[in-house]
Amino acid sequence: MLGLYFILALVVAALIFLVRKRFVAYASLIVFLAAQTLINIYAFIHLGERELEYFRFDHAGLIFLSILTLLSYYTVYYSFIYLKRNQDNPFRTSIYCAVLIMLIASVTGVYLSEHAGLLWVFVEATTLCVSLLIYHERNALSLEATWKYVFICSIGIALAFVGIIFLGMAVQTNGVYDLSFSSISAQAATANPFWMKMVFLFILVGFSTKMGLFPLQTIKVDALTVAPSPVGAFISTALMNAGFVALYRFYHALSAADIVEWMNNLLMWTGMLSVMIAAVYMMFAGNLKRLGAYSGLEHVGLVAIGLSAGGPVLYAVFLHLILHSLVKSGLFYHLGTVFHHFRTYKINSIKDYFGKAPGAALIFLMLLLFLGGIPPSGIFVSEFLIFKGLFNAGHIWEMALLLVLLTFIIFAFTRNALNIVFSEEKARVETYGKIKYYELLPIILLLIAVVWLGYFPPHAFSVFLSQCIM
Amino acid sequence: METILLTVFSFTLLFIGIANRLNTFIRMLALQGVLLFGITFLKLNEISWFNLTMILLETIIFKSIAIPWFLSYILHKNKIVRETEPFVSYFWSLIIITGFIILSYIISGYLGLDKNTKADFTVAFASLLTGIYIIITRKKIITHMMGYMILENGVFLLSLTIGAHQPMLVNMGILLDIFVSVLVLGLFLNRIGNTFEEMSIDNLSNLKD
């Protein structure tokens with residue numbers, strides 16, 4: 001079934017690319033969405049089983065797969081709006097749709113892979129897809145971002161590959177040549193710890209390109225600045241989750257070795273540096289999309305810190321990633337609307353949003369406050385749980401530093417939000433068209449879901465989530 | 001024999017550190033391809049014919065002919081001859097790359113490798129570091145690309161060390177190589193050459209706050 005799914009994705013993408021008619025592209029996207037939904041249901045039915053030898057439907061993969069399926073519906077919906085507005089030629093439209101399908105399929109591959117090599121191949125595939133998508137608008141700025149993205153991502157995945165080679169060398173001394181995660185996990189305890197440290201270091205640096213974590217975070221920010229907003233929503237959430245899943249699989253497999261302490265320290269300080277950089281840059285951000293991107297850096301930093309605290313905090317980490325995916329994608333979808341209304345992303349050029357479009361402005365304000373983790377946002381709960389975990393693990397000083405940094409971030413967020421929504425316009429700010437209700441309704445649903453999952457999680461959801469971390 | 005090839009390979013790294021004409025860079029890259037071919041041939045003669053052919057095609061056709069040809073085509077098209085002043089002087093580059101080789105040797109000591117693998121590992125890891133170093137310290141986009149190729153040669157050499165038992169990893173390395181070269185060289189270097197007049201990273205600093 002999974003094989004069929006990947007073949008279908010390839011065939012549909014090829015069809016779109018060959019026929020190059022807008023109608024075919026749209027119809028194929030909808031067919032693919034149906035397939036994505038089916039594979040998600042299929043995965044739930046076959047929970048815990050292996051497929052095609054190298055794939056496995058486990059809890060952690062599945063929860064992110066479900067988020068991915070939800071987000072693909074949203075992304076396709078907003079892509080339709082985006083493409084209709086832009087009126088690109090059919091060639092660009094068909095490339096956009098074909099590549100979007102390939103991207104969704106490869107992210108699915110990342111979530112479900114049970115083999116280190118295969119996971120790496122899928123991560124490599126996402127690089128290709130994302131670079132084509134951020135090049136969509138084809139101006140000098142998007143060329144610059146695409147070049148940086150492709151080049152630094154290539155270095156990143158080459159480094160991750162070096163990590164995998166090291167892993168191969170390390171387990172080879174035991175006479176094992178299998179690189180599936182279960183086998184690595186079984187071998188890790190007896191392997192040379194120095195090898196294992198090298199493996200984790202290279203993997204962390206390599207996949208930080210996908211996660212948007214500290215050492216190679218800049219390209220993600222640049223990519224998000226120029227990407228079409230539906231794509232931006234997708235890469236700041238589903239792709240970030242893919243990076244996290246990749247890192248988490250290795251972390252989990254290597255934690256059988258005697259280097260957990262070392263890995264945790266590394267994660268703690270890369271996370272802390274990420275939050276620090278995010279805090280500094282958010283104070284001075286002048287572009288709405290970059291503001292969103294730096295907020296992603298902050299959240300991924302929190303996730304890394306939570307992962308380093310280990311144990312029950314992992315529950316909070318997974319919850320945080322899920323809620324962040326919902327809010328952050330909502331923000332980026334809405335930024336598309338904002339851009340269409342004001343024709344700019346510059347924070348200083350957008351004034352009196354509330355006076356011009358009260359409903360949309362309220363949603364925008366809600367999105368930013370929710371991202372900052374201010375109640376009733378569900379993110380407040382997950383951040384609270386992460387802090388609680390840090391406190392219990394005895395990281396008092398780190399927690400204090402983190403709280404100070406988060407204060408700066410919330411300040412930057414609310415200042416910009418209030419500036420855009422309520423400040424009076426000194427010179428006249430032009431607006432274009434009316435904001436339609438169908439652009440706003442889906443985002444309201446996302447916000448309701450965030451409150452619901454944060455404060456009143458259904459029992460089945462909590463149970464499933466706690467099974468992820470075992 | 002293999003040790004000689006590896007030694008020559010590390011000399012190419014040092015030579016790249018002080019090269020300032022870009023043609024020299026390209027020749028060194030081609031030479032590295034040939035050296036990799038030699039190393040592969042000596043090392044992996046017991047693996048299946050299919051994999052061996054794949055590797056040989058990759059090293060000779062791809063690394064020694066196709067990429068150098070394409071790079072010099074770009075040089076001619078854009079009339080670039082030499083690298084402008086790098087951020088670090090050539091003398092220090094030489095010292096630093098030597099330092100990389102020593103560092104790699106020290107690291108390989110911690111890993112409990114046997115004697116043959118140790119030499120491989122040292123050269124491969126030094127090549128990886130040199131590639132990253134070249135990318136960081138040079139200003140032209142095309143030199144960055146060449147730095148990446150050096151890094152990639154290092155990765156390939158590294159994958160050879162376990163290639164006898166895990167040919168899949170070597171094939172994945174080849175996949176990475178071809179993927180990146182086609183994507184980066186073919187698609188974007190062409191475009192960037194057309195869009196920005198001088199191919200320097202100074203043109204690529206519009207994305208900021």
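Modeller: Happy to. The buried residues of H9(A) are Ile219(A), Lys220(A), Val221(A), Asp222(A), Ala223(A), Leu224(A), Thr225(A) and Val226(A). Please keep in mind that this is a predicted model. Eight of the nine residues of H9(A) are buried, so the helix is largely enclosed by the rest of the structure. As for what surrounds H9(A), its buried residues pack against helix H5 (116-134), helix H6 (140-172), H8, H10 and helix H12 (288-309) of chain A.

The domain assignment of chain A gives domain 1 (1-258) and domain 2 (259-470), and 22 Å separate the centres of the two, taken over C-alpha atoms. Each side brings residues to the contact: 39 from domain 1 of chain A and 39 from domain 2 of chain A. On the domain 1 side, the elements that give two or more residues are helix H3 (59-86), helix H8 (193-211), helix H9 (218-226) and helix H10 (229-254) of chain A. By class, the residues on the domain 1 side divide into 25 nonpolar, ten polar and four charged.

The packing continues into a nonpolar core. The largest such core has 233 residues, and those with the most contacts inside it are Ile101(A), Leu133(A), Phe161(A), Val199(A) and Leu254(A). H6(A) gives the most to this core, with 21 residues; H6(A) is also one of the helices against which the buried residues of H9(A) pack. Domain 1 and domain 2 of chain A both give residues to the core, so it lies between them. In soluble globular proteins, nonpolar side chains tend to be buried together.

Leaving aside residues up to four places away in sequence, Phe161(A) touches Trp120(A) and, in chain B, Val155(B), Met172(B), Gly173(B) and Leu176(B). Looking at the whole contact between the chains, 32 residues of chain B are in contact with 37 residues of chain A. Helix H6 (141-161) and helix H7 (167-195) of chain B each supply at least two residues of the side that touches chain A. H7(B) provides the largest share of that side, with 13 residues. Sorted by class, the side of chain B that touches chain A has 20 nonpolar, nine polar and three charged residues.

What is chain B like in itself? There are seven helices and zero strands in chain B. The radius of gyration of chain B is 17 Å, close to the 17 Å that the globule rule gives for 209 residues, so chain B is as compact as a globular protein of that length. Its C-alpha atoms fill a box of roughly 50 × 35 × 35 Å along the principal axes. Buried residues make up 44% of the 209 residues in chain B. Among contacts in chain B between residues at least 6 apart in sequence, 71% join residues at least 24 apart.

Helix H13 (residues 313-342) of chain A has 30 residues and reaches 42 Å from its first C-alpha to its last, close to the 44 Å expected at 1.5 Å a residue. Of those 30 residues, 27 are buried, so H13(A) is largely enclosed by the rest of the structure. Just after H13(A), Arg343(A) takes a positive phi of about 60°.

A few backbone details are worth checking on your screen too. Arg138(A), found in the loop between H5 and H6 of chain A, has a positive phi of about 55° although it is not a glycine. With 13 C-beta neighbours inside 10 Å, Arg138(A) counts as partly exposed. Glu53(A) also has a positive phi, about 75°, although it is not a glycine; this residue lies in the loop between strand E1 (50-51) and strand E2 (55-56) of chain A. Glu53(A) counts as exposed, with 10 C-beta neighbours inside 10 Å. Finally, a cis peptide bond joins Pro375(A) and Pro376(A), with omega about 10°. Pro376(A) is in the loop between helix H15 (358-371) and helix H16 (378-392) of chain A.

Terms used:
Residues are numbered from 1 along each chain as its sequence is written. Chains are lettered from A and ligands numbered from 1 in the order in which they are written. This is a predicted model: local features need pLDDT of at least 70, side-chain atom pairs count only at pLDDT 80 or more; totals for chains, interfaces and linings use all residues. Two residues are in contact if their C-beta atoms, placed from the backbone, lie within 7 Å. Helices (H or I, at least four residues) and strands (E, at least two) are DSSP runs, numbered from the N terminus. Ala, Val, Leu, Ile, Met, Phe, Trp, Tyr, Cys and Pro count as nonpolar, Asp, Glu, Lys and Arg as charged, and the others, Gly among them, as polar. The radius of gyration is taken over C-alpha atoms; the globule rule is 2.2 Å times the number of residues to the power 0.38. A residue is buried if 20 or more other C-beta atoms lie within 10 Å of its own, exposed if 12 or fewer, and partly exposed in between; C-beta atoms are placed from the backbone. Domain bounds come from an automatic or database domain assignment. A nonpolar core is a set of buried Ala, Val, Leu, Ile, Met, Phe, Trp, Tyr and Cys residues joined through C-beta atoms within 7 Å. The expected span of a helix is 1.5 Å times one less than its number of residues.
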